[in-house]
Each structure stands twice: as structure tokens, then as C-alpha cells.
Amino acid sequence: MPAAPDYPSAPDLVAPKRALLSVSDKTGLVEAAKVLHEAGVELVSTGGTKAAIAAAGLPVKDVSDLTGFPEMMDGRVKTLHPIVHGGLLGVRDAPEHTKSMAEHGIGGIDILYVNLYPFEATVAKGGAYEECVENIDIGGPAMIRSAAKNHGYVSVCTDPSDLGEVLEALKAAGGTSLALRKTLAARAYARTAAYDAAISAWFAGQLGQDFPARKSIAGELRQTMRYGENPHQKAAFYTFPNPRVGVATARQLQGKELSYNNINDTDAAFELIAEFDPAQGPAVAIIKHANPCGVALGATQREAYERALACDPTSAFGGIVATNTRLTREAAEAMVEIFTEVVIAPEADDDAVAVFAAKKNLRLLVTGGLPDPLSTGDTFKSVAGGFLVQSRDDARIKASDLKIVTKRQPTDEEIRDMLFAFQIGKHVKSNAIVYARAGQTLGVGAGQMNRKDSARIAALRAADFGLDLAGCACASEAFFPFADGLIQAAEAGATAIIQPGGSMRDAEVIEAADKLGLTMAFTGVRVFRH
């Protein structure tokens, strides 16, 4: 391991003399180059960046003028040269470095502005393998890392906002402070780390490796928060490149800043409501503490909301409301009758927005669409010393998937009720029981340590709010390990049971269902949610 040389301390203020600019995104480039030129900074550039600066009438050197080598190999080799990296890495106040720089004609580069080839964007648009490979930047990350390592003297910028801070410092103080250069270096390494993470993830996908030997996760800071789940915890919200439609893509039209718990619950609500195709009609979900306290379909969005609310109006107080269709004024008028933390919808009518305007604390989010519940992707959970990764639960049970295991066959209406209830159960914390009828949840039992208690609690909730369970469907997201949970559901009024099956006591459970005159379907798919 190299020992740290005894270099002189870096100066606090560095007045730059030369800047190297090489960017794929040329937004604001010419304006920035003008400011640098007016500050007496020599401009050096490459390819299209140099052409854009020169076209604006500004003096600019080609990097080949410094290195003595032309760009070659289709532009793959242009900045990978000792003249460039020596200019970035040379410690200006270290005698051996200054001697080497003088002997080899290496001039210092005090500002580096590089944004990388658009690899992530190329992948996102579905670029061919060869196109993606060609958009893997090599010289850019190498220069960024060199400049960031030598932040005692060099300001490294990977984004227009970084360069903007440098330009402001030049205007205010004639140079950059050490504190600013350290900040820029930290950002630069985060950018190259995210870039390499995207490349490694793409390669793993190309090779069909779901779980490569090393897996990196990169996110961009979207929001810092007052606190996390509890006031003594710190928290922030990071988004992935090309994020899944939902909270990460939402525009907040009004209300206070979203909290950690708001984002967690709102994500749960929107992922649940995305299960329902808007082409089949309005659906509304009300979520509290990441669990549904009411979900319903309706002829109108307002009807769907009112039916969802009827399932548990007590828990709905201070909850999250998600819709699968454009928010209407009529629905908004019903929603504001109780305190609601967040409403999220694909879009919202102007008059619906106007209704919410009177509720200043209510957060209203629109996302521009719905996430695809059948799309692939990973989910993550931290544990001590690491993290767990699994594929997203994209299970979708259809009537043709059901195996009827009882003597009594279900009616068409019971099949619809069972599928609806099971779809909701997928989004309820385990152990989960959902009672439903006619596109409406009637009782939800969530997060209990045994399934019988979940069945009992769901029935008690229904009774509390005057909902009749007679003839309803009961969904269990995992198998009944004993017949007691099924018997509890039957005593509550359920006549149709849907569950994955697969217990060692399936025969005992089926026998109990037959004795009670129930119909029961096995899905063959478990949808635990811990």
C-alpha cells in the first residue's frame, strides 16, 4: 500500500489558469466557456466540444495540441496521455512533481469539466449491444478520477451545476476554495461509481446473471428529510436512473414536503392500485402503514373511493389514497371530507386540484402513468452487514390458473371475488387475510403471527363498520397450515376460499372445506409480503 508522500499543504484558494472541457451534453457550454475566457482561463477541448466553443468565436486549443498525438481509433484514444493526466495529477507545490512537469512540458490543468458518454440513456432507449458498448466512456472517468484525486489543486466538474459553482467562485473570489474542491471531488467519485454500477448491471443482464459476484446500487439524491421512521433517525430519498413510474417520477402539485413514511406508504399504495387496469374502470386504494385498509372498484372514481373508505374509515384517517385513473373533482370532494396525508394519481383534472387547494397540508402527486405490475426488476432490503435482493413479485393469477380442490365448484361471481381478494392479499403484510365481495374489500387482517388471528381480526373489522361477510370470498396469501384459519373464515361468513395450497395438511383443510360446504381454489403461487 503506497505511503502518503510528504507533500506541502494544498492552498485554500486556487486561481485557475487552464481548463479542459470535454462533454457529451453541451447545455450551457458556450456560456460557461465565455466566463472562463473572460477570467483569463485558457481553454482546451476535444472533438465536438472544441468545435462548439470555436464556433462561438472563443480561442480554444485541441487536446492534441498539448499531447502531440491526434485522436485515433474512432475517438477511443485522445485524452489517455501523460500530458493530460500529468496536468491533472501533478501536485503543484511538490518539487519532484514540478521538476517532472517542467522536464516533460506538462502544464497544469486546473479545471476539468467532463460529462460522460450517455451510456445509461443508450441502455434506457433499448440500444443494441454494440451501441451500448461504444457508449462506455473510458477517457472521461479516467480524467475525472485523476482530477478528483488531486483536488488540492484541481476543480472537477461532472455536471453543469458543478461548473456553475466554480464560475460563481471565480466571480466572487477569483478562484476556488479547498472546501469547494473537496466537495466536487466527492461528487465526482460518486458519479463514476454510479456510471460503473450501470455498466456492470447491464453486462450482468446481457450475460443472464441475475446475481453476479458483485452487485452495486447507485442512486441520485432526490430529497433530504427532517427525519426517518422516527424523529431520532436521519433519512433521505434517492432515485435510480430511469426510475420506475411512481413516487420517484411524481410531480408534487401541493402540500408539505413528503416524509420518509409518506414515501414508503405512497409507494405501497401506488404499486397496489397499479394492479387494476384503468381500462376496466376506476379503482381506489387507501393505505395506512403500508397496508391496505380499503380497496374497491366502482362505476365512478368517487364510488370506488367511498366503497374503499367503507371498509375501514377509522384507519383511513391520515392515510394515503391512490387511484388508477385521472383524479376527478367529484372524487376529490369526497376525499377532503377526512384528513388524508397524500393522494397519488396518474393525472388530475384542474378542478380536482382546485378542490385540494383548500387543504394546504395534503400532498397531491401526479405521476404521468402507472407502473407495470408485470415488469421485471429487483427489490432490496438491508440487513446487518449486507442487503437482500430479489426479483419483484410479478405474480398475476387468472381464473385459468385456479385449481378447484373442493367438491363444490365456484360460481363466476365467486371466482371474480376470489381473484380480487388474492390480488389485494399480495399487498398485505403477512400473515394476511382479505375478505372481499363484488369488487370491495370488507375486512383486512395484516401482519399477525398466525393466520387464524388474521382471519379473526379481519372479521372483527368488518363487524365494526357494519359490513356483512355472508357469501364473501376469503383470500390467504400463503397456505393454511391448519384447518382452524379456514374454519374461522367460514364462521365469519366466507363461502369461497382462495389460497396457494402446498401445506402438509392440505387434505385436512380440503376436508374441512367440504364439510362446511365451501368452495376452495388453490393458486399454486404464494405471495408473502414481509
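How are α1 and α2 oriented to each other? The points below take this up first; the model is a predicted one.

1. Helix α1 spans residues 29–38 and helix α2 spans residues 47–55. Their axes come within 9 Å of each other and cross at roughly 65°. Angles of 65 to 115 degrees count as roughly perpendicular, and α1 and α2 are therefore roughly perpendicular to each other.

2. The crossing of α1 and α2 has a right-handed sense.

3. On the α1 side, the contact is formed by L29, V30 and A33; on the α2 side, T49, A52 and I53 meet them. Of the residues in this contact of α1 with α2, five are nonpolar and one is polar, while no charged residue takes part.

4. Zero disulfides are found when the whole structure is searched. C293 is accordingly in no disulfide, and the nearest cysteine sulfur, that of C311, lies 7.4 Å away.

5. Are C293 and C311 buried or exposed? C293 has a relative accessible area of 8% and is buried. C311, at 2% relative accessibility, also counts as buried. The cut-off applied here is under 20% relative accessible area.

Technical notes. Residues are numbered from 1 along each chain as its sequence is written. This is a predicted model: local features need pLDDT of at least 70, side-chain atom pairs count only at pLDDT 80 or more; totals for chains, interfaces and linings use all residues. Side-chain values use heavy atoms; hydrogens and water are left out. Axes are lines fitted to C-alpha atoms, for helices over the stretch in contact, and angles run from 0 to 180 degrees between N-to-C directions. Helices (H or I, at least four residues) and strands (E, at least two) are DSSP runs, numbered from the N terminus. Angles under 35 degrees count as roughly parallel, over 145 as roughly antiparallel, 65 to 115 as roughly perpendicular and the rest as oblique. A crossing is left-handed if the near helix is turned anticlockwise from the far one by less than a right angle, and right-handed if clockwise. Contact means heavy atoms within 4.5 Å. Ala, Val, Leu, Ile, Met, Phe, Trp, Tyr, Cys and Pro count as nonpolar, Asp, Glu, Lys and Arg as charged, and the others, Gly among them, as polar. A disulfide is a pair of cysteine sulfur atoms within 2.5 Å. Buried means under 20% relative accessible area, exposed over 50%, partly exposed in between (1.4 Å probe, protein chains only).
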